Amino acid sequence: HCGRENPVKRLGGFTLVELLVVITILGILMSVAFGSVRAGSKSMAAGVARADQTEETRASGDFLRRRFAQLAPLMWQVGDNEEVALTGDGGKVEFVTTAPAATMGSGLMIARLVIERADDGVEVWFGVAPYDPGNTERREQIAVSKTRLISDLATARISYFGVQEEKGMPDWYDNWQPGAFRYPVAIKLETTSMDDLPVINRYVFRIATGYQT
């Protein structure tokens, strides 16, 4: 045995290369795991926001349905003329209705459903003002107490169905002209959410006085 060297036995453990490989794999796995957690949290937050807006839109639709159901079929004074007490376009509709309970008032009110653009999207507002049948001033100058109904929308639009001229045919219109022959039969509010997959909500409010003046 003289002159022969015993081989050096390798002790248990990892080499530096093996440790680097393990650390790299762990880093990749942790990045994937944290990415999944972030994506899940973001998805959950988006779902909660969408649920909140859906509930907001549903409640607003129910509120507006009651307001239009209680529309008062009146004529209002415009200068020396009397006209159907409802006018509107794609961004606003104005009519006479009974006072909402939230106003703590009674009798009749001028109501306005208004679409406005804000910094973070489009909003839908509802406002009321006292109704004075003898007031011939421009109604646009009357101060309105407003409440925001729906917010954070991509788009919102109002349209009208009915007959505007005496010999006209029922159709959808982008506006209801002052001096129209009749009340509209229905008013539609259409909104689009700001989600990556936009949700379109359409509410059609029937006007019971559509063919009466």
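Aspartate 152 is partly exposed, with a relative accessible area of 34%, where partly exposed covers the range between buried (under 20% relative accessible area) and exposed (over 50%), computed with a 1.4 Å probe on protein chains only. Aspartate 152 lies in strand β7 and has a positive phi of about 55° although it is not a glycine. The structure is a predicted model, in which local features need pLDDT of at least 70 and side-chain atom pairs count only at pLDDT 80 or more, while totals for chains, interfaces and linings use all residues. Residues are numbered from 1 along each chain as its sequence is written, and side-chain values use heavy atoms, with hydrogens and water left out.

The secondary structure of the protein chain consists of 1 helix and 10 strands; helices (H or I, at least four residues) and strands (E, at least two) are DSSP runs numbered from the N terminus. Along the sequence the pattern is α-β-β-β-β-β-β-β-β-β-β. Of the 213 residues of the protein chain, 33% count as buried. Among the contacts (heavy atoms within 4.5 Å) with a separation of 6 or more, 52% are between residues 24 or more positions apart.

Strand β4 (residues 92-98) has 5 of its 7 residues buried, so it is largely enclosed by the rest of the structure. Strand β3 (residues 86-88) runs antiparallel to β4 and is joined to it by 3 bridges, two strands being paired if DSSP finds at least two bridges between them. The bridge partner of glycine 88 in β4 is valine 93, and β3 and β4 form a hairpin with 3 residues between them. Strand β5 (residues 108-118) is also antiparallel to β4, with 7 bridges joining the two; here threonine 98 has leucine 108 as its bridge partner in β5.

Leaving aside neighbours within four places in sequence, leucine 86 is in contact with Leu71, Trp76, Val93, Glu94, Phe95, Trp176, Tyr183, Pro184 and Ile187.

The structure holds 7 aromatic pairs, defined by rings of Phe, Tyr and Trp (its six-membered ring) whose centres lie within 6.5 Å; planes under 30 degrees apart count as stacked, over 60 as edge-to-face and the rest as tilted. One of these pairs, phenylalanine 68 with phenylalanine 95, is stacked, at 4.6 Å centre to centre and 25° between the planes. This pair links distant parts of the chain, as phenylalanine 68 is in helix α1 and phenylalanine 95 is in strand β4, 27 residues apart. Both phenylalanine 68 and phenylalanine 95 are buried. Phe68, Phe95, Tyr203 and Phe205 form one aromatic cluster.

Lysine 188 is located in strand β9 (residues 186-193). Lysine 188 is buried yet has no salt bridge, and the nearest side chain of opposite charge, glutamate 190, is 4.1 Å away. A salt bridge requires a side-chain nitrogen of Lys or Arg within 4 Å of a carboxyl oxygen of Asp or Glu; Lys and Arg count as positive and Asp and Glu as negative, while His and the chain ends are not counted. Apart from neighbours within four places in sequence, lysine 188 is in contact with Arg157, Ile158, Ser159, Trp172, Tyr203 and Val204.
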